[in-house]
Amino acid sequence: MKIGLVAPYPWDVPGGVVQHVRDLAETLIAMGHDVSVIAPVDDEDVSLPGYVTRAGRTVPIPFNGSVSRLVFGPVSATRVRRWISEGDFDVMHLHSPETLSLSLLALFNARGPIVATFHAANPRSRVLAMLQSPLQVQLEKLAGRIAVSPAARKTIVDHLGGDAVLIPNGVHVHRFASADPLPGWPRESGAIGFVGRVDEPRKGLAVLLDAFRLLTATRPELQLLVAGPGDVDDVPPNVTLLGQVSDEVKAQVYRSIDVFAAPNTGGESFGIILLEAMAAGTPIVASDLDAFRRVLGDGAAGQLATVGDAESLAYAISTLLDSPQRRAQLAAAGGAVVTRYDWPRVATEVVHVYDTAIAMHTGGVVEEAEPPDLGNDDLEDAAPDLP
Amino acid sequence: MDVVLAIVGVLAVLHVSYATWTARRLDRLHARVDSATAALDAQLRARAHLALAASERAAAGSGRELGDAARAALSVAGLGHDREAAESGLSRALQAAVRDDAGIADSALVDVTTRTSFARRFRNDAVRDALVVRERRIVRWFHLAGSARLPTFFEMDDTALDRRTIEV
């Protein structure tokens, strides 16, 4: 099957959605499909896998409490149209088309068997509410929609109407399960780990650092291993900042620690980091967010702590550090949960969505012949109701 | 007076072009419902045929019930309430047969139950999108839907067979 995937955010900036697209692409390729990805790329010198086509650079826009990097402009539109016409795809799969991104641009410019995955959980997105009418006309072109979590599905139902099938995020279980610890790790004195952007408030590193200060009052040798891009000031001693790391090193990080902390304060639709920790066999302490609670089976596969509360987080971590039995129990429970998120299984479900969408169309994906059809629903209200 | 006439004229042109655009949008939505309906019908038929084949592998009791349910589903055409009942009955018979003997569910049967639930979800989405536009005043007052029938949702128990229970 010839599959065209559209990534909304820059390929060279780490993020959950881009990682999802890359893992999906590589899993589909391993299954024998012919896959092409189009993505924005900010760094012109970065080398890309052979299956990636550059769509141009992005413009940073503040969106929903963090900075989104979006792609616009005639250059990107031309490249997308060429990619669609040359790709001759049986199916096109957009990611996060509800944002003003490359995915929406691709949707404007194509018709045929098109499906989309919605990643975001924005219970009160003003931007979505504002864009709903013009977006709706474009989204009507989708043959099918996928939500990666119940929260993402609820966002679709509330803001866009309609529904979606639920297919969770995936994780390459064996890559994490078989990784070696980093040289010199794990430490005798015990170590906590954090993975994510260090300067993104909703990832919660600040809460974890406060908890770490509480913990080191009684455990002066305890270590904190932090992997993720961004700048952070004023870290206590015993904190190792690795900065942005490769996937291989990230897998090693999970295997180098005794407890993985996910102190996120919100904005999480899913929690891929939890799957990675579970795949690595590392016990988890996570904020009691709906998305995390669901992946962790209400705490059966990970310890939950009050959101944004450093004391609660420190208490939960210390409980695990003091109990090897509890750690082993959580690691085993996590290992059982994560098998259903293994990429080959997840990608097989996605291919069923492709088959269903293809069955709804004759022929593959083609360029939209007409100029972009920006439906203006407000016109109905502006125009008088003629008798 | 000329100014008033000009304004009325401009508004009339805007209104007509909006009506034309809405009519084209509605055409596309109806076409999507039709193709999604055909896709769902094909999946349901494939599921019934695979269930019929599985019934011959099943233990006597649940196998006979599964075969009856599959034949009942195959005997109904269209996507009306009678089809909803027959297909829901087939879903229940499948679940019962697999509970008796997980071995009857091969991967083709598991896959078709997954695709059936996807096809139904996508079709109901298409129906909903079409209904939203058809409820608009401009569509009702100017009969922009023409003679196209009002599409209806297809409701059934489409719980897919669980891949995990099959593999273990």
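So, strand S11 and strand S14 of chain A, residues 259-262 for the latter, pair in the parallel sense, over two bridges. If you want a residue pair to click on, take A:Gly193, whose bridge partner in S14(A) is A:Phe260. Before I go on, keep in mind that this is a predicted model.

Okay, the other neighbour of interest. S11(A) also pairs with strand S12 of chain A, residues 223-227, again in the parallel sense, and here DSSP gives five bridges. A:Val195 has A:Ala227 in S12(A) as its bridge partner. And how do you get from one strand to the other? Through helix H7, residues 205-218: S11(A), H7 and S12(A) form a β-α-β unit, and it's right-handed.

Now, how covered is S11(A)? Mostly covered, with five of its five residues, 191-195, buried.

We have six strands in an open sheet, and reading across chain A the order is S13-S12-S11-S14-S15-S16, with parallel pairing. Which strands sit at the edges? That would be S13, residues 239-241, and S16, residues 303-305, each pairing on one side only. From one strand to the next, the twist averages 25°.

Going out towards S13(A), its pairing with S12(A) is parallel too, over three bridges. There, A:Val226 is the residue standing opposite A:Leu241. And then there's a helix lying on the sheet: H8 of chain A, residues 247-254, touches S11, S12 and S14, and its direction makes about 145° with that of S11(A).

Where they touch, domain 1 of chain A puts in 17 residues and domain 2 of chain A puts in 14. On the domain 1 side, helix H5 (150-159) and helix H13 (343-359) each supply at least two residues. H5(A) gives the most, with three residues.

Between the chains, 25 residues of chain A contact 26 residues of chain B. On the chain A side, the elements giving two or more residues are strand S9 (144-147), H13 and helix H14 (378-382). Which one gives the most? H13(A), with six residues. By class, the chain A side that touches chain B has 10 nonpolar, seven polar and eight charged residues.

One last stop, and it's a single residue. A:Pro74 is in helix H2 of chain A, residues 74-87.

Notes
Residues numbered from 1 in each chain as written. Chains lettered and ligands numbered in written order. Predicted model: local features only at pLDDT ≥ 70, side-chain atom pairs only at ≥ 80, totals over all residues. Contact = placed C-beta atoms within 7 Å. Helix = DSSP H or I, 4+ residues; strand = E, 2+ residues; numbered from the N terminus. Nonpolar A, V, L, I, M, F, W, Y, C, P; charged D, E, K, R; others polar. Buried ≥ 20, exposed ≤ 12 C-beta atoms within 10 Å, placed from the backbone. Pairing = 2+ DSSP bridges. Right-handed = clockwise from strand over helix to strand, strands pointing away. Axes fitted to C-alpha atoms, helices over the stretch in contact; angles between N-to-C directions.
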